[in-house]
Amino acid sequence: MSVPATPAENGGQARARRRYNSPVRRERAIQTRERIVTAGSELVHGFPVWDWSDLTFRAVAERAGVGERTVYRHFPTEVDLHGAVMRRLQEEAGVTYDNLGLDRLTEITARSFATLSSYAVARWDRTEPHQPALVAEDRRRRDALLAAVAPHSVGWSDDERAAAAGMLDVLWNVPTYERLVRTWNLTPSTATEAVSWVLDLVVEAIRAGQRPGAGRLEADRHQQASSAPTDPAQAGPEQTEPGQAVSGQAVSGQAGVKLGQGGQGAERE
């Protein structure tokens with residue numbers, strides 16, 4: 001038979017619970033979580049390829065100097081851990097997709113390119129990310145670009161809107177910058193300026209309501225108009241003014257009469 005707890009014992013349990021949930025313990029938990037995320041960020045910066053397969057609970061725990069169970073307590077799944085590390089990398093670069101607008105694209109792109117030197121990745125154009133956190137991050141960026149284009153593309157088709165947002169994504173993407181630096185031997189600053197230049201042109205076209213391909217169609221129409229015949233004698237019936245057509249018929253009729261009269265006169269003579 002259990003003995004009821006005395007008031008003193010109850011008070012001792014309450015004090016133990018208060019100590020367990022004390023501000024000091026919460027602060028330690030925050031610091032531990034910070035160490036874990038920082039360790040994940042350091043590991044990613046050291047990866048030779050943009051592949052997070054080695055960003056495991058064990059690797060992060062060893063880097064942070066904590067046990068694996070401690071990492072699990074803060075991040076129940078690997079996706080949660082990777083997501084937290086990704087957000088840390090964005091904070092370090094000053095990049096966010098929240099409420100992304102066309103007016104911020106050039107600035108965010110420049111910030112993204114400026115942080116590349118802090119990574120050990122040898123080539124950015126050789127690895128297609130397949131980890132859930134990286135795939136989700138790519139989806140978030142594309143959704144943010146579509147949302148940025150949407151207010152300026154009312155009346156456009158879904159394909160036209162996707163093409164505009166896709167071009168912004170291609171310019172923003174790291175392999176574009178890398179090709180300018182590696183293949184064209186541009187300095188990082190010049191490559192960034194070149195990408196920003198084209199980004200601004202595309203943004204200006206989107207803001208003006210110019211659909212993808214609209215410039216080419218307009219050029220085709222202008223070329224057709226400029227190559228149309230201007231000599232009425234070369235113009236077909238559909239290109240002749242009504243008045244000109246009647247006049248032409250009258251002239252032709254009069255010429256026929258004269259020819260006829262001339263023929264009759266010749267016979268009489």
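The model is predicted: local features need pLDDT of at least 70 and side-chain atom pairs count only at pLDDT 80 or more, while totals for chains, interfaces and linings use all residues. Residues are numbered from 1 along each chain as its sequence is written, and side-chain values use heavy atoms, with hydrogens and water left out.

Visitor: How many helices and strands does the protein have?
Guide: Helices (H or I, at least four residues) and strands (E, at least two) are DSSP runs, numbered from the N terminus. On that count, the protein comes out at 12 helices and zero strands.

Visitor: What share of the residues is buried?
Guide: Buried means under 20% relative accessible area, exposed over 50%, and partly exposed in between (1.4 Å probe, protein chains only). Of the 269 residues in the protein, the buried ones make up 30%.

Visitor: And among contacts between residues at least 6 apart in sequence, what share joins residues at least 24 apart?
Guide: A contact here is heavy atoms within 4.5 Å. Take the contacts between residues at least 6 apart, and the share that joins residues at least 24 apart is 69%.

Visitor: Which residues have the most contacts inside the largest nonpolar core?
Guide: A nonpolar core is a set of buried Ala, Val, Leu, Ile, Met, Phe, Trp, Tyr and Cys residues joined through side-chain atoms within 4.5 Å. Helix 2 (23-46), helix 3, helix 5, helix 6, helix 7, helix 8, helix 9 (174-182) and helix 10 each supply at least two residues of the largest one. That core has 53 residues, and those with the most contacts inside it are V44, W50, W52 and L168.

Visitor: What does V44 touch?
Guide: Set aside the residues up to four places away in sequence. The partners of V44 are then W50, W52, L55, V85, L89 and Y119.

Visitor: Where around helix 7 do the buried residues sit?
Guide: They are A133, L134, E137, R141, A144, L145, A148 and V149. The arc they cover, taken from the directions from the helix axis to the C-beta atoms, is only 155°, which puts them on the same side of helix 7.

Visitor: How about helix 8: which helices cover its buried residues?
Guide: Buried there are R161, A164, A165, L168, D169, L171 and W172. Their cover includes helix 6, helix 7, helix 9 and helix 10.

Visitor: How many aromatic pairs does the structure hold?
Guide: Rings of Phe, Tyr and Trp (its six-membered ring) pair if their centres lie within 6.5 Å; planes under 30 degrees apart count as stacked, over 60 as edge-to-face and the rest as tilted. Going by that, the structure's aromatic pairs number seven.

Visitor: Is the pair of F57 and Y72 stacked or edge-to-face, and why?
Guide: F57 lies in helix 3 (residues 57-64) and Y72 in helix 4 (residues 68-74), so the pair ties together parts 15 residues apart in sequence. F57 counts as buried at 8% relative accessibility, while Y72 counts as partly exposed at 41%. Their ring centres are 4.0 Å apart and the planes are at 10°, so the pair is stacked.

Visitor: What kind of aromatic pair do Y97 and W172 form?
Guide: Y97 is in the loop between helix 5 and helix 6 and W172 is in helix 8, 75 residues apart. Y97 is buried with a relative accessible area of 12%, and W172 counts as buried at 3%. With 5.8 Å centre to centre and 80° between the planes, the pair is edge-to-face.

Visitor: R141 lies over the face of which residue?
Guide: A charge sits over a ring if NZ of Lys or CZ of Arg is within 6 Å of the ring centre and within 35 degrees of the ring normal. R141 is found in helix 7 and counts as buried at 10% relative accessibility. Leaving aside neighbours within four places in sequence, R141 is in contact with Y97, D169, W172 and N173. At 5.2 Å from the ring centre, R141 lies over the face of W172.
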